[in-house]
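Here are my notes for a first look. Have the sequence and the model open side by side, and take the points in order.

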Amino acid sequence: MPRLQSGVWKHFTPAIKDGKETYMCNYCLKTYTKNATKMQIHLNKCEEYSVASQQSPGPDGSSSASIPVPSFSLLPSASPGGQFLIDSVDQRSQAYADECLARAVYATSSPLTLTDNIYWKRFFSVLRPAYCPPTRETLSSHLLDCEHDRVQSQVQEAVGKAACVTIICSSGWSKAKDTRTIIYIVATPEPLLYKCTNTKEQMHQSTFIAEELKDIINEVGPQKVFAVVTDDTPEMTAAWGQVEEAFPHISAIGCTACGVQRLFDDVLAQPSVKDLCTRAEQVVRYVTEQKMLAETFRCWQTTKTRNHRATGTTLVLNSFSDWTGVINMLNSLLEGQDALQDMAVSPTLDVEASFRATVQDAAFWKGLSSSQNLLYSIGNYISYMKREESTLSDVVDVFIQLRHYVGASLSESVLHSAEQKAVMASLDRCQEFCMKPIHAAAYMLDPKHAGQQTLSGEQINGAYYVISNLSHQLNLDDGKVLGSFARFSAKEGLWKGVGIWSSCQHVSASTWWKGLCSSEPLSAVASAILQIPPTAGACESVRSRFCSTKMPCSISADRAQKLVAVQANLNLLEPSDGECAPLENEEEIKSETLQ
């Protein structure tokens, strides 16, 4: 059973004396360290308390008297040279401080147990002795609810002000068993977390996702939604048709990074590459798991590094964290090839015959080199498309270059003829998933690609259809819009000068259209298309927060989602340091303090 708090504390005021925490009697101003027993003994003997309690007894017979103590008053100390700082916090200031502290905790992803830490308690005591910071229970309940409501109100306001938005959707396993979390983001173009839904696997169907997407589109406003971007799970792609049927002007597109990742995985799954990677892993494990061999490799490799014959000194296994894991393993082997081959023939080292045969096999090293080149050429585009500045128009270029590099690398790879055909078929499926007519439209409208003849006639016709369709949706004359597009393509009229084309290297394509070409009928359509993100990377960033944020064991799934929503949106919505606006009620509190 928890101990009851002594009633003696209400008769003492927290104070700082010479930098130390003390408690001052409200009646005679004598100070004590934090000791309820000594303070109660003093109260029993204090004459001023006795007089005050007789004048104003409480309903239970105890005294409710106290002498008024002004906030931040400096009073003389009983000891020479000392000073008392008497502090008090009214209910309004306490609530405002709690709000500010909670916001800081959420925005910085700090643990909710921060205020339970003794060192933080001491810091708050030094900073403001009378302030009692909120407990972790309060931070994860009342304060979280209030901040979540405030932030979601800002999200709704930002979405309402946006001229056009994109819905981004991705699903994945949550920490709860047999539960998936579907994340919905509205890009304005800032990726604002709009909603999270937890579903059981048996409920995780395309119809359910399609209905959720349609509800969000209706809430946001169908007239300002031009695209839905999803990951490559079967339920997501199956929901595309239902969304496009309900909203014909909306394009449902696949995350380019997911599509290229699927191609990367398909290459790794080919038997020849899979067998090569298995042999590579066996070599790494054989060396790293034997202390003498690992130390010998490190020493020999260090010498080669000093002689500029190598750059790495360690062998690494595939981390399986992302596409770079297998690349790093292959690179470490290729960097250490000379040292490994020297170890295989060294008379001072006793190595197994299988290890010696592998590292002395020229075909093994040739396969490693060609596979590393092929995998890197694919994986590099995964990272390229995950960049924040990647655009929808980049997708066309990515697949043009992928076809070139993959096609050139296959003939030199370890892949057999049937496997090479399987990889090219995977590339076709990847392009079909990632590239839609709206990508071709974005490519043709991006000033950086103006004049480049890389699209097929079918792709160009699809781009015209998208531009015309969105013109109707924006209540524009599609004839005037396409006429404007003709002038843009021919570099006539507004686009005749050289300066306007050089400026596109310094701003985003969407900004270029809105800022420099706003007088043209095509501007609204072009800026809307060019701000559509090509990937669902924003959802993955939110999902990583679910994994990295340390949640108290007692926090529910609903509150965990609220916490992540606040964390994800706060830094996108709040002003920067240079343009910091007052927080809620800050001006009122300041004015009251001055009075």
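Is A408 buried, partly exposed or exposed?

1. A408 is partly exposed, because its relative accessible area is 46%; buried means under 20% relative accessible area, exposed over 50%, and partly exposed in between, with a 1.4 Å probe and protein chains only. You'll find A408 in helix α16, residues 394-410. Look for L374 too: A408 and L374 sit 34 residues apart in sequence, yet their C-alpha atoms are 9.0 Å apart in space.

2. A word on what you're looking at. This is a predicted model, where local features need pLDDT of at least 70 and side-chain atom pairs count only at pLDDT 80 or more, while totals for chains, interfaces and linings use all residues. Residues are numbered from 1 along each chain as its sequence is written, and side-chain values use heavy atoms, with hydrogens and water left out.

3. Now the overall picture. The chain has 26 helices and 10 strands; these are DSSP runs numbered from the N terminus, with helices being H or I of at least four residues and strands E of at least two. Of its 595 residues, 46% count as buried. Take the contacts in the chain with a separation of 6 or more: 64% of them come from residues 24 or more positions apart, where contact means heavy atoms within 4.5 Å.

4. Zoom in on V287, which lies in α10. V287 counts as buried because its relative accessibility is 1%. Leaving out residues up to four places away in sequence, V287 touches L293, A294, F297, L315, L340, M343 and F355. One of these, F297, is 10 residues from V287 in sequence and 7.9 Å away in space, C-alpha to C-alpha.

5. How do the neighbours of α10 pack on it? The axes of helix α9 (residues 256-269) and α10 come within 5 Å and cross at roughly 75°. Axes here are lines fitted to C-alpha atoms, for helices over the stretch in contact, and angles run from 0 to 180 degrees between N-to-C directions. That makes α9 roughly perpendicular to α10; under 35 degrees counts as roughly parallel, over 145 as roughly antiparallel, 65 to 115 as roughly perpendicular and the rest as oblique. V267, L268 and A269 of α9 meet P271, V273, K274 and C277 of α10. By class, that contact has six nonpolar, no polar and one charged residues. Ala, Val, Leu, Ile, Met, Phe, Trp, Tyr, Cys and Pro count as nonpolar, Asp, Glu, Lys and Arg as charged, and the others, Gly among them, as polar.

6. On to α12 (residues 324-335), which packs with α10 at an angle of about 60°, their axes 10 Å apart. That makes α10 oblique to α12. C277, A280, E281, V283 and V284 of α10 make this contact with V326, M329, L330 and L333 of α12. Eight of the residues are nonpolar, none is polar and one is charged.8. Helix α6 (residues 142-161) and helix α25 (residues 557-573) have axes that come within 9 Å and cross at roughly 50°. That makes α6 oblique to α25. The residues of this contact divide into nine nonpolar, four polar and five charged.

7. Last, helix α19 (residues 457-473). The buried residues of α19 are G462, A463, V466, I467, S468, L470 and S471, and they pack against β9 (225-230), α18 (437-445), α20 (478-490) and α23 (523-530). After α19 comes N475, with a positive phi near 60°. S523, in α23, is buried, with a relative accessible area of 6%.
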